Amino acid sequence: MSVTQQAVAIDRGFSEQRFARRRGMFSGIHGADYVWALAFAVPYVVIFLAFVIYPICYGLWLGSEPQLYSQLFADPRYFTAVINTLIYVGVGVNLMLGLAFLLSGFFIRKRWWVKALLVVFILPWATPALPAYMSIHWLLDGQWGMLNNLLWFVFGIDGPVYLNSHWMGLSANIGADIWKNLPFWTIILLAGRMSIPQELYEAAAVDGATGLRKFAHVTYPLMANLYFVCILLATVFALGNFNATYFVSGGGPAMSTEVLATLGIRYAYTVALPRLGVAEVMTALPVLIPLVYILMRKLRVSEGQL
Amino acid sequence: MSVTYGRTAGAGAGFAGQPGADKVPAVARSSARLHTKLHYRLQRYALEALAIAFGLVLAIWSLLPIYNMWMIALDSHDDVFSGAIWPDHPSLDSFRVVVTQDFWYLSRFWHQFGNSFYVGLAVMFMTLTIGSLASFTIGRMRIKHGWMLSNAALMTYVIPASFLAIPMYRIMQIYGMTNNLWSVILALSTFATPYAIFIFSQYGKSIPMELDESARIDGANPFQIYYRIYLPLMAPALVAVGTYALLLAWNEYLYNFLLLSTPDSMTVAVALAQFLNSDESPWNLMMATAIIYAMPPIILYYGFRRYMAAGLTMGGVKG
């Protein structure tokens with residue numbers, strides 16, 4: 001299972017794999033074999049029922065009172081959080097994937113120092129989220145943060161107090177998320193790029209295609225599906241990203257940078273209104289369900305054998 | 001070719017816009033060729049220099065927060081607020097304090113470190129066992145409603161874990177498992193298993209069905225096929241997914257925080273975030289703890305980079 005194979009597997013989707021069903025020797029199984037098959041499936045079914053279905057149903061029940069929603073919609077912090085989430089996801093994901101795409105083009109260059117740089121570039125991804133975001137929080141501290149010291153040291157300018165304003169706080173959260181996850185998406189898109197056969201570029205070059213045209217007629221059509229799946233996955237991950245907001249801006253100043261993932265927890269554990277927290281998460285469902293549906297279709301296609 | 005030649009000749013030797021540039025005297029032509037060569041070489045160097053400059057910016061961007069972590073950790077307590085780019089009196093004292101548990105937030109540090117390891121290894125074991133069994137039924141035995149299992153797994157994979165946190169917390173109370181490491185282990189295994197099923201199903205396709213069939217003819221039962229044939233051949237995928245599960249568990253914060261609150265049941269992540277409860281915590285100790293906490297995943301990641309790269313491609317850690 002090389003990096004490339006998997007990326008290709010995502011790309012191809014429909015064509016071969018779906019129809020290339022191999023008949024298993026257990027197909028149409030019965031008797032003892034059927035018992036074995038069931039026994040093998042039981043552990044997953046059990047944890048799925050106990051820790052996915054039950055919490056979901058419990059959550060639906062917790063958030064089923066209509067009165068909760070009037071309470072929620074009367075709270076201005078909720079609307080701030082919705083707008084923040086839209087900005088966080090909309091700007092953050094597109095910026096991150098766009099950068100990742102450009103960087104994958106950079107990292108495909110075969111230079112020794114590019115390979116060495118890739119090793120360094122991976123470091124944010126290998127670092128656990130909690131220490132990384134804590135460090136970014138301190139880096140951005142207005143009074144004694146290193147960034148402002150560097151700005152003073154190198155350019156002689158006084159940096160702002162980043163985490164004291166709504167916009168800069170939100171940007172800091174987005175920036176921290178990008179810092180942490182950019183290497184991951186870059187590597188996926190890099191794998192996708194590497195799976196494009198070199199012959200296609202050579203053929204395009206023979207036909208007289210140069211830079212931009214090679215991109216438009218070879219890279220783009222072959223990467224589009226992978227890029228789309230990545231955008232969707234990154235959107236879901238960003239929607240659920242609790243750590244970045246919680247540890248970089250802490251939701252501050254005055255809860256103005258909270259997103260849905262953190263505000264729900266805040267309702268439940270700081271204000272002790274768990275039902276309100278669940279209701280808040282539930283309002284994300286109209287966006288989440290279509291996303292999950294499309295993603296399931298897309299990923300299932302690449303899995304092929306379903 | 002001629003177009004290029006004409007253009008560079010024009011630019012180099014001053015024949016711009018003149019019709020019939022190919023009638024240039026021989027001397028001028030050779031000098032133009034020299035110019036072309038030089039021009040291209042310069043262009044290449046300029047591009048390379050630009051790429052290197054970009055690479056430097058990228059390296060600084062990647063390393064700055066990590067450098068910052070070290071600098072705060074190396075500060076002695078009084079200097080933390082100086083924010084110096086290089087500490088005046090760098091010392092490893094904060095690491096000593098953490099390692100010897102010499103601060104009250106850290107009084108159970110090694111115990112909590114052990115908890116983190118225990119949770120990580122247990123999640124890894126659970127994920128590999130449950131995931132490989134399920135993928136064997138779906139992929140090799142072709143159980144009748146196997147697609148439902150796969151769909152269930154996919155759905156779990158694409159639901160953000162943080163959205164399920166509140167009901168999950170209540171449910172763990174109902175199960176009577178709060179402050180029990182197994183509450184976290186079970187919850188995280190649930191979130192890691194779908195990825196395992198996904199990767200195992202992908203990888204399993206590369207193992208020929210004929211192996212199963214011939215083992216079958218030799219009289220092996222399904223469990224023997226699973227244990228003796230399927231698992232050994234899946235080794236690379238098992239390593240990739242195992243590393244993924246271990247890292248997912250080690251790095252998780254929210255569920256640890258919600259489900260584990262006594263000093264003895266805490267994992268390092270929760271203990272580390274405790275520093276944020278007070279405005280006057282010793283930040284150098286916090287960063288030293290953070291560095292020690294970050295070490296195992298970084299070592300593991302770079303050690304298993306090859307396998308991880310394969311596993312990375314289609315899923316990665318949920319945010």
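A279(A) sits in helix α15 of chain A, the helix that runs over residues 274-282. The model here is a predicted one. A279(A) counts as buried because 25 other C-beta atoms lie within 10 Å, and 20 or more is what it takes.

Next comes the nonpolar core. The largest one takes in 168 residues, and the residues with the most contacts inside it are Y133(A), W185(A), V123(B), L188(B) and V241(B). Helix α7 of chain B, residues 181-204, gives the most to this core, with 15 residues. Y133(A), one of those with the most contacts in the core, touches A176(A), N243(A), A244(A), F247(A) and V248(A), again not counting residues up to four places away in sequence.

That leaves the meeting of the two chains. On one side, 84 residues of chain A take part, and they are in contact with 89 residues of chain B. On the chain A side, helix α3 (residues 32-62) brings the largest share, 16 residues. Sorted by kind, the chain A residues that touch chain B come out as 64 nonpolar, 16 polar and four charged.

Note on methods
Residues numbered from 1 in each chain as written. Chains lettered and ligands numbered in written order. Predicted model: local features only at pLDDT ≥ 70, side-chain atom pairs only at ≥ 80, totals over all residues. Contact = placed C-beta atoms within 7 Å. Helix = DSSP H or I, 4+ residues; strand = E, 2+ residues; numbered from the N terminus. Nonpolar A, V, L, I, M, F, W, Y, C, P; charged D, E, K, R; others polar. Buried ≥ 20, exposed ≤ 12 C-beta atoms within 10 Å, placed from the backbone. Core = buried A, V, L, I, M, F, W, Y, C linked by C-beta atoms within 7 Å.
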